[in-house]
Amino acid sequence: MTTPLTVYGDSGSGNCLKVKFVADRFGIPLKWIEIDVVNAQTRTPEFLAINPAGQVPTVVFGDGRILAQSNAIILHLAAGTDLVPTDAFDRALMFQWMFWEQYSHETAIAVRRYYKKFVKKSDDEIDPALMPKCERALAVMNGHLDSRHYFVGERLTLADIALVAYTRFSHEAGLDLARWPSVRAWVLRVEQDLGLTSALPAA
Ligand SMILES: N[C@@H](CCC(=O)N[C@@H](CS)C(=O)NCC(=O)O)C(=O)O
C-alpha cells in the first residue's frame, strides 16, 4: 500500500487547497491533518517542530521528507505531468504567474479575505490599501484573460491552479467578479477542469 502524503493544512486556506487539488487530480492518496490557523495551531511546539516557519500547507512524504510553500509543493507533485509545460519559455511563463500570485495577488485577496471572513473585521478596520491592491490584481488577470482561456499555452497549468485558489473566494474578500468578467469565466472553467463545485456566488 502506498504511504499517503501527509498534508498539514487549514481547509479554509486557498494555499492549502492547492495541494489537495493537485493531489486529487493525480490520485495521490493524502492524509489531511487539520491545522486551525485562526486558533494559532501553526504556533504549537509540535507543529513548529515540523515547520519552524509555522505555516501551512506543509507536507510530509512517506520517506519523512518535509516540504512547505504551496507553490513549491504543487510543483513537486506535478513534476513531469501535463500541468507543467515542457516548453522552457512556457514553463517560465507559468513560474512568472506563480511568483506574481505569491507577491501581488495572494498578499491582497487572501489577506483581505482572511481579515473579513475569519478575523471578522469590518471594512473600516481593514487596511484601506488592500482593496486597490486586490482590484489591480484582478484587472491584470482580466486583461490577460480577455483573449485567452488559461494563463499559459491555452491549457490548464499550475499557474491556473495557483491563481484560482483565492480568486474563487474573491467575494469573501469583498470583491464582485462581475466587474472582471473574463476572470469570472476563467474561474468557472478551472473549477470545472478540477471537478470542483463552484465557490462563486450565482451571477
Ligand atoms: N507563501 C506561503 C504562505 C503560507 C501561509 O501564509 N499560510 C498561512 C495560511 S494560508 C499560515 O500558515 N498562516 C499562519 C501563520 O503565518 O502564522 C504558501 O504559499 O504556502
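How many helices and strands does the protein chain have? It has seven helices and four strands, counted as DSSP runs numbered from the N terminus (H or I, at least four residues, for helices; E, at least two, for strands).

**View 1. The fold of the protein chain.** This is a predicted model, so to speak: local features need pLDDT of at least 70, side-chain atom pairs count only at pLDDT 80 or more, and totals for chains, interfaces and linings use all residues. Residues are numbered from 1 along each chain as its sequence is written, and side-chain values use heavy atoms, with hydrogens and water left out. Starting at the N terminus, the order of elements is β-α-β-α-β-β-α-α-α-α-α. The C-alpha trace spans about 45 × 45 × 30 Å along its principal axes.

**View 2. One side of helix 3.** Helix 3 covers residues 70-77, and its buried residues are Ser-70, Asn-71, Ile-73, Ile-74 and Leu-77. Buried here means under 20% relative accessible area (1.4 Å probe, protein chains only). They sit on the same side of helix 3 because their arc around the axis is only 155 degrees, taken from the directions from the helix axis to the C-beta atoms.

**View 3. What helix 3 packs against.** The buried residues of helix 3 pack against strand 1 (5-9), strand 3 (58-60) and strand 4 (66-68), plus helix 1 (14-25), helix 4 (88-118) and helix 6 (158-167). A contact is heavy atoms within 4.5 Å. Across the protein chain, 64% of the contacts with a separation of 6 or more come from residues 24 or more positions apart.

**View 4. Buried share of the chain.** Out of 203 residues in the protein chain, 44% count as buried.

Terms used. Buried < 20%, exposed > 50% of the residue type's maximum accessible area, 1.4 Å probe, protein only.
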